[in-house]
Amino acid sequence: MTEVYRVRFRSRSVRKGLDGLDDETYLRIVAAIHRLRENPHPPSMKKLTGQEVYRIRIGDYRVLYTVDDKAKEVRIEAVCKRDERTYE
């Protein structure tokens, strides 16, 4: 049996940012985040250069996150449109 990771959001503003999305986009992003619970290192993820931050793309959006394998935790750092901002 695969261990399930806990998903946490860096801040309430990250979580609230999802609320402004249209229903279809919201559901696609939330489904992708839920899949990270089972596999936080999917083949489609990319590691950001020089950081311990990973990225998955969902359409025009990206989810930036960190993984703590010891604590079995995925931390969502940002959900943003691909052309809006980069992770700092």
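Start by selecting V7: beyond its neighbours within four places in sequence, V7 touches I33, R37, V74 and I76, where contact means heavy atoms within 4.5 Å. This is a predicted model, in which local features need pLDDT of at least 70 and side-chain atom pairs count only at pLDDT 80 or more, while totals for chains, interfaces and linings use all residues. Residues are numbered from 1 along each chain as its sequence is written, and side-chain values use heavy atoms, with hydrogens and water left out.

**Stop 1: around V7.** V7 sits in strand β1; helices (H or I, at least four residues) and strands (E, at least two) are DSSP runs, numbered from the N terminus.

**Stop 2: the pocket.** Next, select V7, F9, R15, L18, D19, Y26, V30, I33, H34 and R37, which line the largest pocket. Two or more lining residues come from each of β1 (6-9), α1 (12-19) and α2 (23-38), and α2 gives the largest share, 5 residues. The volume of this pocket is about 150 Å³.

A word on how it was found: on a 1 Å grid over the protein atoms alone, a pocket is an open set of points where a 1.4 Å probe fits, with protein on both sides within 12 Å along at least five of seven lines, whereas a cavity is a set from which the probe cannot get out; lining residues have an atom within 4 Å of a point. Points are joined across faces, edges and corners, and the volume is the space filled by probe spheres set on them.

Colour the lining by class and you will find 6 nonpolar, 1 polar and 3 charged residues. Here Ala, Val, Leu, Ile, Met, Phe, Trp, Tyr, Cys and Pro are nonpolar, Asp, Glu, Lys and Arg are charged, and the others, Gly among them, are polar.

**Stop 3: the sheet.** Switch to a cartoon view. In what order do the strands of the open sheet stand? The 5 strands follow the order β1-β5-β4-β3-β2, with mixed pairing. At the edges are β1 and β2 (46-47), each with a single partner strand, so one side of each has no neighbour in the sheet. Two strands pair if DSSP finds at least two bridges between them.

- β1 and β5 (residues 73-81) are parallel, with 4 bridges; look for R6 opposite E73.
- β5 and β4 (residues 61-68) are antiparallel, with 8 bridges; L64 faces A78 here.
- β4 and β3 are antiparallel, joined by 5 bridges, and R55 stands opposite L64.
- β3 (residues 54-58) and β2 are antiparallel over 2 bridges, with K47 opposite Y54.

**Stop 4: two turns.** Zoom in on the β3-β4 hairpin, where 2 residues lie between the strands and G59 has a positive phi of about 60°. The β4-β5 hairpin has 4 residues between its strands. Select K72 in that loop: its phi is positive, about 55°, although K72 is not a glycine.
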